[in-house]
Amino acid sequence: MSVRVLIVDDQALVRVGFRMIIEAREDLEVVGEAGDGEQALRLAAQTRPDVVLMDVRMPGMDGLAATARLTTGPDAPRVIMLTTYDLDESLYAALRAGASGFLLKDVRPGDLVEAIRVVARGEALLAPTATRRLLDRFVAADLNPPGADTRLDRLTGREREVLELLARGASNAEIATRMTVTEATVKTHVSAILRKLDVRDRVQAVVLAYDLGVVRPRPSS
């Protein structure tokens, strides 16, 4: 089955360019285009996309507000934020809102296609180090107080160790080396972590790890 994609951007030329790239692939299908967040919500309800390419800044309802609305519920689509600037503070807000990652608007066609496929599979779009760098820069200082969120209590000691390494920017291979286990075992731990913490993907697990104080932002140099 093809991956259903909704394109949301207030610039028509951007939408047309992305549509041409996506529809050239047999396993991808564009199910709609929207020029703002409100239209995106309506089209998403009608077309049930698997992945939404969402511009950050749009008139009316922006991409952050639309993402927060779109990513609620068990069958919510995955959202990839589109931005002109790397390490934009709005991208941190987008991750907090439920986005699975972000891409620069000048992304190469092949990278755009692969990003859609990766997110549709439920895997992490952002490289672990990019996630860490973004969160270190913009994470809020007011972390949840002890006992405010008990989801960490659901994890085994081994799973909590994996979560901490994830939040520190380690890849599956690096975690496997550090813990002297196979990558398959790491993937099993990650799946259990996502289920027990009730988060959609690895990026959201890392955001939660910051929120709950599993790791702390590194001081800016």
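A residue is called buried here when its relative accessible area is under 20%, exposed when it is over 50%, and partly exposed in between, using a 1.4 Å probe and protein chains only. With that in hand, Thr180 counts as exposed because its relative accessibility is 70%.

A word on the source: this is a predicted model, in which local features need pLDDT of at least 70, side-chain atom pairs count only at pLDDT 80 or more, and totals for chains, interfaces and linings use all residues. Residues are numbered from 1 along each chain as its sequence is written, and side-chain values use heavy atoms, with hydrogens and water left out.

Let's start with Asp55. Helices (H or I, at least four residues) and strands (E, at least two) are DSSP runs, numbered from the N terminus, and Asp55 is found in strand β3, residues 51–55. Asp55 counts as buried, at 4% relative accessibility. An unreviewed UniProt entry carries the annotation "modified residue: 4-aspartylphosphate" for Asp55; UniProt positions follow the numbering used here, feature names are shortened, and annotations may be inferred rather than shown by experiment. Contact means heavy atoms within 4.5 Å. Leaving aside neighbours within four places in sequence, Asp55 is in contact with Val8, Asp9, Asp10, Gly63, Met81, Leu82 and Lys105.

Strand β3 also meets helix α2 (residues 37–47), whose buried residues pack against β1 (3–8), β2 (28–34), β3 and α3 (63–70). Those buried residues are Gly37, Ala40, Leu41, Leu43, Ala44 and Thr47. At the start of α2, a side-chain oxygen of Asp36 comes to within 3.1 Å of the backbone nitrogen of Glu38. Following α2 is Arg48, with a positive phi near 55 degrees.

Arg78 belongs to strand β4 (residues 78–83) and is buried, with a relative accessible area of 19%. A polar atom of the Arg78 side chain lies 3.0 Å from the backbone oxygen of Arg200. Not counting residues up to four places away in sequence, Arg78 touches Asp50, Val51, Val52, Ser100, Val119, Gly122, Arg200 and Asp201.

Now to the helix packing. Axes are lines fitted to C-alpha atoms, for helices over the stretch in contact, and angles run from 0 to 180 degrees between N-to-C directions. Angles under 35 degrees count as roughly parallel, over 145 as roughly antiparallel, 65 to 115 as roughly perpendicular and the rest as oblique.

Helix α7 (residues 157–167) and helix α9 (residues 183–197) pack at about 95 degrees, with their axes 10 Å apart, so α7 is roughly perpendicular to α9. Arg158, Glu159, Val162, Leu163 and Leu166 in α7 meet His189, Val190, Ala192, Ile193, Lys196 and Leu197 in α9.

The axes of α7 and helix α10 (residues 202–211) come within 9 Å and cross at roughly 95 degrees, which means that α7 is roughly perpendicular to α10. Here Leu163, Leu166 and Ala167 of α7 contact Arg202, Ala205, Val206, Ala209 and Tyr210 of α10.

Note on methods:
A polar contact is a pair of N or O atoms within 3.5 Å; within protein, one must be able to donate a hydrogen and the other to accept it, and residues adjacent in sequence count only if both atoms are side-chain atoms.
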